[in-house]
Amino acid sequence: MAVGLGLVERVMLTTLTTVPCCTFFFINVTMLFTLRSKHVFRETSRYILLYNLLFADTAQMALSQLLYILSICRIMLTYPVCGTLVMLANLINEVSPLTLVVMSLERYVAVCYPLRHAAIITIRNTAVAIIVIWAFCSLNVLVRIILLLNFPFQDLESLQMNSFCSTLIMFLVPVSAQYDKAYICFLFISAGMAVISSYVGVIVAARSASTDKASAHKARNTLLLHLVQLGFSLLSTMHNPLLIAISKIVTRIVLVRIQNVFYVFIIILPRCLSALIYGLRDQTIRPVLVYYLCCRLKLSVAPTKADVSS
């Protein structure tokens with residue numbers, strides 16, 4: 001990433017990317033702490049799902065920044081170390097869209113089946129859903145590892161890499177890249193259809209006289225935000241193909257600068273959206289989040305359900 005750049009420009013680019021990342025990381029970690037600080041957050045399914053989403057986003061942000069710093073400092077890794085980091089990043093990156101699907105279904109049940117919501121969306125069922133999400137993503141990573149092992153590492157003189165660690169570099173065999181494209185298409189088409197179906201179901205339910213109009217309107221807006229978040233997740237997976245296309249029409253130095261801009265706005269910023277969206281919109285979370293963001297300073301906030309003691 002840093003090839004062709006002078007020391008001063010590398011320092012400037014590192015600063016311009018690391019400062020936003022640290023800011024967003026602080027917000028996300030504060031949000032994670034907030035979601036564990038009150039009993040109402042720990043015992044409500046949608047907040048548990050939000051915690052899982054935020055945890056994945058925060059871990060992905062930290063891993064992305066680690067790989068970025070390694071490349072900007074021109075540090076070469078070995079294939080085993082790079083492979084471990086890339087596979088971990090793949091695992092965490094795929095948790096987010098699947099969690100958004102479950103969160104959308106939870107809102108759909110809350111609006112369309114309000115009397116059965118408490119029986120369907122239980123803490124136990126939520127935990128099972130989260131376990132299934134992580135297990136499914138782990139299975140996908142296992143497939144990637146098996147494909148990667150087809151590469152003849154024994155023919156290499158050394159396991160030391162000659163380029164910077166990235167997802168693209170670890171596509172050592174053509175079938176890995178083909179599998180990645182197929183899996184991403186399947187994942188996001190399925191997730192998109194699930195979120196859109198939930199949105200349509202909520203709109204249809206909102207026209208029913210027996211449905212709480214305010215609740216349906218709020219759920220509809222939440223599902224729209226989930227769709228936007230899913231779009232940003234899809235955009236982050238298109239980060240590498242976009243750079244490949246751009247690399248054919250610009251010089252290497254310009255490509256590196258564009259890559260840094262893409263990194264902040266496509267990789268880092270979307271990882272903070274969940275904390276900002278829920279932190280500002282949710283009346284239960286907002287006062288508690290602001291309280292912790294301001295380092296527990298005394299603030300005049302209206303009491304909410306979040307004031308339930310932990």
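The secondary structure of the protein consists of twelve helices and zero strands, where helices (H or I, at least four residues) and strands (E, at least two) are DSSP runs numbered from the N terminus. This is a predicted model, in which local features need pLDDT of at least 70, side-chain atom pairs count only at pLDDT 80 or more, and totals for chains, interfaces and linings use all residues. Residues are numbered from 1 along each chain as its sequence is written, and side-chain values use heavy atoms, with hydrogens and water left out.

**Overall dimensions**
- Along the principal axes, the C-alpha atoms fill a box of roughly 70 × 45 × 35 Å.

**Burial and contacts**
- Of the 310 residues, 46% count as buried, meaning under 20% relative accessible area (1.4 Å probe, protein chains only).
- Residues at least 24 apart account for 79% of the contacts between residues at least 6 apart in sequence, a contact being heavy atoms within 4.5 Å.

**Thr17**
- Thr17 lies in helix H1 (residues 7-34) and is buried, with a relative accessible area of 2%.
- Leaving aside neighbours within four places in sequence, Thr17 is in contact with Gln65, Tyr68, Asn260, Tyr263 and Val264.

Key
Buried < 20%, exposed > 50% of the residue type's maximum accessible area, 1.4 Å probe, protein only.
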